[in-house]
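Q: I have just opened this one and would like to be walked through it. Could we start with any term I will need, and then look at the parts one by one?

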Amino acid sequence: MNHNTPITPRPLPLPLSSRTGRTQRLASAAQLRAQGVPAAEVAARCRPGGWQQLLPGVFLLQPGPPTSEDRLHAALLYARRPGTLPQQEREAMITGLAALTLHRFSSAPPLTALERIDVLVPRTRRLRSTGWVRVVRAPEAPEPVQLTGVPVAPVARAVADAVSGLSAAEEVRALLTEAVRGGHCEPAAVVRELSRARLLSRPHVVDAVDALLTEGRSLSEERLYELVREFGLPDPLWNVDLRLPGGPHLGGVDAYWPDQAVAVELDTRAPRQDDDELWSEHTRKREHLERLGITVVHLTPRKLREAREQQATVVRTALMAAPDRHPAAYVVVLPR
């Protein structure tokens, strides 16, 4: 062997391979240093046909193109603090379109078609977007969902982060509609995240939100119809306005049992700029009805979806308690 003979890097154990029981494909610079691999040897291994640097400080320890899974884990390795403990791993999670693909959204492109992967990190992290990774910051990190072994942002947050990078109205509407129609989350949760991201000033987003709220209300009304039928509740008058005889309009309710003076109201409101005013109006209407002796049962879309039997019991209890209450004031019932 002379000074012209190329040096073959020594074999070395791959980071974490002993814990996972399988060959490690990726490693960060910090992990390699912990294994005793000096920077010079890393550079020597990153020659054609060897290791590859996918992102700053993140290496693919295999030849050949990275897989979609490699890119997801590489993005997380880049975003995590060096020496991150398991309980701190929620500090970085996949969000945006990549997260929605992992949530199995049909309106999101496959991972192989994504030019960019969004990673959500705390606002205090000093980290720059680089290559095909876009860093998204959040004042408060949500609790991630584990999908295929990858920490992923909840649907509502992932939708907002995806929408922030979309300019086509039809793409935005498709994501929002699938979030609700697919049962992934309630409309209010999506709109809340869009509001936090300050996206409700964009006209194409506002149009999509209006369609989303219409979609969400239709689903909630259908669930209420099913609840009445499934649990054998008396048939109410559906979608009516209440008014005092010759007096003011009291407001509309989604279901009303005139013999028992019980009304059901669906809360499908979502946070908007005028939310405080809407909430005050809603509260005034409810208090006015209750002063007239009308029991108002307040249901949310989430309760209808996740606690149907419990909500049916609430309505049935209100109906059964009617004889024990003082008679309600007479109101005129009109179709809405």
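A: One term to have ready is pairing: two strands pair if DSSP finds at least two bridges between them. Please also keep in mind that this is a predicted model.

Q: Why is β10 said to be largely enclosed?

A: Eight of the nine residues of strand β10 (residues 249-257) are buried, so the strand is largely enclosed by the rest of the structure.

Q: Let me step back for a moment: how many helices and strands does the chain have, and what share of its residues is buried?

A: The protein chain has twelve helices and 13 strands, and buried residues make up 43% of its 336 residues. Of the contacts between residues at least 6 apart in sequence, 62% join residues at least 24 apart.

Q: Which residues touch the most other members in the largest nonpolar core?

A: That core has 59 residues, and the ones touching the most other members are I94, L100, V119, L176, V190 and L194. Its largest share, seven residues, comes from helix α6 (residues 155-163). Apart from this core lies another one of 16 residues, among them L227, L233, A255 and V262.

Q: Take L176 from that list; what does it touch?

A: Leaving out residues up to four places away in sequence, L176 touches V159, V163, V190, L194, A208, V209 and L212.

Q: Is α6 itself mostly covered or mostly open?

A: Helix α6 is mostly covered, since nine of its nine residues are buried.

Q: Is β5 buried or exposed?

A: Six of the six residues of strand β5 (residues 117-122) are buried, so this strand is largely enclosed by the rest of the structure.

Q: Changing topic, what lines the second largest pocket?

A: The second largest pocket is lined by 16 residues, of which P139, E140, R157, E193 and R196 lie nearest its centre, and its volume is about 470 Å³. The elements giving two or more residues to the lining are β6 (133-138), α6 and α8.

Q: Why does E193 count as buried?

A: E193 has a relative accessibility of 15%, and because buried means under 20%, it counts as buried. The residue is in helix α8 (residues 187-196), and it touches A156, R157 and A160, not counting residues up to four places away in sequence.

Q: And R223, which residues does that one touch?

A: R223 lies in helix α9 (residues 203-230) and touches E186, P301, L304, R305 and R308, again not counting residues up to four places away in sequence. R223 and R308 are 85 residues apart along the chain, yet their C-alpha atoms are separated by 8.8 Å. R223 is also buried, with a relative accessible area of 16%.

Q: Last topic: what is the strand order in the open sheet of three strands?

A: The order is β1-β3-β2, with antiparallel pairing, and the edge strands are β1 (26-28) and β2 (52-55), each pairing on one side only. Neighbouring strands of this sheet are turned by 35 degrees against each other on average, direction ignored. Between β1 and strand β3 (residues 58-60) there are three bridges, and A27 stands opposite F59 in β3. Helix α4 (residues 68-79) lies across β1, β2 and β3, running at about 10 degrees to β1.

Methods: Residues are numbered from 1 along each chain as its sequence is written. This is a predicted model: local features need pLDDT of at least 70, side-chain atom pairs count only at pLDDT 80 or more; totals for chains, interfaces and linings use all residues. Side-chain values use heavy atoms; hydrogens and water are left out. A nonpolar core is a set of buried Ala, Val, Leu, Ile, Met, Phe, Trp, Tyr and Cys residues joined through side-chain atoms within 4.5 Å. Buried means under 20% relative accessible area, exposed over 50%, partly exposed in between (1.4 Å probe, protein chains only). Helices (H or I, at least four residues) and strands (E, at least two) are DSSP runs, numbered from the N terminus. Contact means heavy atoms within 4.5 Å. Axes are lines fitted to C-alpha atoms, for helices over the stretch in contact, and angles run from 0 to 180 degrees between N-to-C directions. On a 1 Å grid over the protein atoms alone, a cavity is a set of points where a 1.4 Å probe fits but cannot get out, and a pocket is an open set with protein on both sides within 12 Å along at least five of seven lines; lining residues have an atom within 4 Å of a point. Grid points are joined across faces, edges and corners, and a volume is the space filled by probe spheres set on the points.
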